[in-house]
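Here are a few notes to read alongside the model.

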Amino acid sequence: MNTKYNYSLILGLSFVSFLFLMMLISLVYTPHEANAMNIAARLQAPNVTYWLGTDHFGRDILSRVMIGAQTAFTVGAVSVAIGLACGLVIGTLSGYIGKWVDELFMRATDALLAFPGILLALLLVTIFEPSMFQTMVAIGILSIPSFSRVIRSGVLQHKEAEYVKAAKGIGAGHANIIFKQILPNIAPTIVTTAALNFSAAILIEAALSYLGLGVQPPDPSWGRMLNESQSYLGKAPWYTLAPGIFITLSVMGFNLLSDGIRDIRDKRG
């Protein structure tokens, strides 16, 4: 009997599934109205009415954390979709065509990688009015180089494989070779990269919101909740711990999920 388990995959799926379920529940139910203020109940410790306590405006922290999960998953999904779509085009064309096309695209991605990620995100967000949309676009642009390089590497590796040569020999066109032969074989690597970028997107969104350049109030964001709670760390530690724990769980979950998928890919390879 095989007793070896992929603990990274199990833990990653558990964390991500828990957060995703919480996000889905928040679409139809939260214990309290997330933005409803109750000054009489401000900074209450966790109790039977407010499971994670209240903030400095008397708002229910659990409800705000649940709505914050919507922000985190939306930003992660949209930014990864932007990065994947652009990276798929750039990486596939660079690896498959090569020559001057490869040189042009790779120099462009090198230029993008030359900027530290968080600084480039700050630049892109501050050029326009800070909002959730601008945050998603900025993080999506940041993820383009990682997708394009991974896809380019996979295309270069597989385009000279025997099965690709056989497909060419029977008259398969370029589109058939790319979409039916090469890309399905590098799909696990793309999924691994997507999980890592999802984790990074949540972290960058939290950082931008913490600085006041991401999601704008009164919409809840884990990063903004951290910013608002820092003045009350000694008096109400639960205020800071709640968003901090959920940021940690989400980042750890997607990183573990990526490691688990990579382990499966390596065993099959």
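1. Is Leu24 buried, partly exposed or exposed? Leu24 is partly exposed, at a relative accessible area of 38%; buried is under 20%, exposed over 50%, and partly exposed in between, with a 1.4 Å probe and protein chains only. Leu24 sits in helix H1, residues 7-26 (helices are DSSP runs of H or I with at least four residues, numbered from the N terminus).

2. A word on the source: this is a predicted model, where local features need pLDDT of at least 70 and side-chain atom pairs pLDDT 80 or more, while totals for chains, interfaces and linings use all residues. Numbering starts from 1 along each chain as its sequence is written, and side-chain values use heavy atoms, without hydrogens and water.

3. Now the largest pocket, an open set of 1 Å grid points with protein on both sides within 12 Å along at least five of seven lines. It holds about 230 Å³ of space, the volume filled by probe spheres set on the points. Of its 15 lining residues (an atom within 4 Å of a point), Tyr29, Pro31, Trp51, Leu62 and Met66 are the closest to the centre.

4. H1 and helix H2 (61-97) are the elements that give two or more residues to this lining, and H1 gives the most, with four.

5. Finally, have a look at helix H9 (residues 222-229), which is mostly covered, with six of its eight residues buried. These are Trp222, Gly223, Arg224, Met225, Glu228 and Ser229.

Methods:
1 Å grid on protein atoms, 1.4 Å probe; cavity = no way out; pocket = protein on both sides within 12 Å on 5 of 7 lines; lining within 4 Å.
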